[in-house]
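Hi,

Here is the structure I said I would pass on. Have a look at it, and then read on for what turned up.

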Amino acid sequence: MPFPILRTPFVVLSEIIDLLEPNEIVTASLCSKKARRLLKNHYQRIKPSKWRVSMFSWGLVDIINCTVSNRINVMMARHISELPGEAHKSIEFNGYKGTFERGYPTLYFRDHVFGTKMVVDYVTDLFSLDIYGLIIDRNGLWAFDWINNRQEKLLGGMGLSKNPTYVLNEEKTLDNVLIVRNASSTDCVSTDSNVSDNVRFNRKLGPVDVVLSDTNECWVTCDYLMYSDAIKLFVSDSILTELDLNSFLRHWRVGGCPRLAYLKVFFDNKNAYVVNFDEDLEIVETNEVRKFRVVAEGDFEEIEGDYSIQRWDGVKATIRCELGYFTMVVWHADKN
Amino acid sequence: MSSTEQGTSSAAPAEPTTAPESAAAPEVPESFYYVHGKDKVVHKVSAGALQHSALIHGMISNLGYTEEQAKANPFPFENIDGDILQMVVDWCNQHKGKPTPPEDTNLPKQKEKLFDLVLAVNYLEIKELLTYCCKQVAMMVKGKSPEEIREIWMIPTDAEDEAAEKEAKKRAGKEAAGETAAAAGDAK
């Protein structure tokens, strides 16, 4: 039974809009220009300040609503060659063909980069939000400059993703990625980056806010850890040893990596277990449980500490040692 | 617990029958008020149930009716259909003095009535019921394409909007011309 939504009073309409998920709002906005105007006006009045728009350089736009687990794809641009057959629900927008599958609209373009820019512009304009996160693949480095030119607000987070495989090519080195050194906060959401052999630690790394290192090569060394001035550091498939981590902690204690708030090492050897710390580190056992901020506002994770370590200036960190993992959370005065 | 008198249009209803109150009746006798909709059928509703409606609650507070006066002067809601008002009264009674659950299974099932119900509930300022109704409306478009949403929510296409706009302009032009002609006639 139809419901004439546009004939409802303003208060009711606002309440209904507030109950919709971001992907539903984007979809509804494609119904007509009037519907789009109405929704846009709504979000100009009530800015969804807790929503974070992320763009994936291969055309996907998603929104994190409060917590990273509440992440919703809202729109996508694909190349026209990927347009599926008639079995799909077809849509049309501004002359572009599209489909509606998996709960969000996908539009098809001859120029995929143009299309990606268009859908990102569409979503950010609809919600009056800037791009917050960027995840790129090997063909997506154009997105850095594009974002920097289109908005004043700095990126909140970035990630490298293998879609299908992330490889920095000869022309684009890690220095290009460091455009995110201007990132204003500490957030990052992507995992599974796969940096090629061409990219190795060159003592220029930092100050990137978030670094994801996922490699089966041995370039993530103790030196790498010490010189990467990141706030959040994720190291996957690591071959770092107990000795390396002891050296790193010694470096941290005397003021190294002062911005570091979170370090997570995933050992290549799933049975690796760090238990031996050097005495001079003055590490003490603890069983304290504390919460810390992970990505978006309100998204907290808990760490059950095994050890506590103190820096020369009094700043403490909690260490958690699990089979295959090493986690360290630094308790900065700004509560991470 | 409400009772309904069918078909009377008098302002002062003749003794509405009262359904039995629950066993755990309060020690202080509960006061009752009377409301009627477009069909003039009077519903007897307890003050506790009416607490849900900010509008009626405000009216009661401002008027300071005695029970006798309340009986003689049912609150008239001429803009609300009788069956819709019945639904609202039933809901208020079901939720009298209870915390409202996050999901309400007592919502009226007739979808064709939802629009009128929403308007009534909004007018009567029943916040919780309005939220439930709005949830139902929002649920209608879960997983739907723009075309389907357009149909479900009766959103006109751009072409229809443009045609309606043209029509409205034409009508406004005609009305303005008619007024000018009338004014010229008056002047003669």
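Predicted model: local features only at pLDDT ≥ 70, side-chain atom pairs only at ≥ 80, totals over all residues.

**The second largest cavity and what surrounds it**

Helix H1 (10–19) and helix H3 (33–45) of chain A each put at least two residues into it. The volume of this second largest cavity is about 100 Å³, and the count of cavities of 30 Å³ or more is eight.

Now for chain A as a whole. Its secondary structure consists of eight helices and 17 strands. Of its 336 residues, 53% are buried. Among contacts in chain A with a separation of 6 or more, 62% link residues 24 or more positions apart. The chain exposes about 15600 Å², with 48% of that coming from carbon and sulfur atoms.

As for confidence, the predictor gives the complex an ipTM of 0.76 and a pTM of 0.67. Chain B has an average pLDDT of 79, and 78% of its residues score at least 70. Among the elements of chain B, helix H7 (residues 146–152) has the highest mean pLDDT, 94, while strand E1 (residues 4–5) has the lowest, 42. Over residues 1–22 of chain B the pLDDT is below 50, though this stretch still has 47 contacts in the model beyond near neighbours in sequence.

Cheers

How values were computed:
Residues numbered from 1 in each chain as written. Chains lettered and ligands numbered in written order. Heavy atoms only, no water. 1 Å grid on protein atoms, 1.4 Å probe; cavity = no way out; pocket = protein on both sides within 12 Å on 5 of 7 lines; lining within 4 Å. Points joined across faces, edges and corners; volume = space filled by probe spheres on them. Helix = DSSP H or I, 4+ residues; strand = E, 2+ residues; numbered from the N terminus. pLDDT = per-residue confidence, 0-100. Contact = heavy atoms within 4.5 Å. Buried < 20%, exposed > 50% of the residue type's maximum accessible area, 1.4 Å probe, protein only. Areas by Shrake-Rupley, 256 points an atom, 1.4 Å probe, with all protein chains shown as cover.
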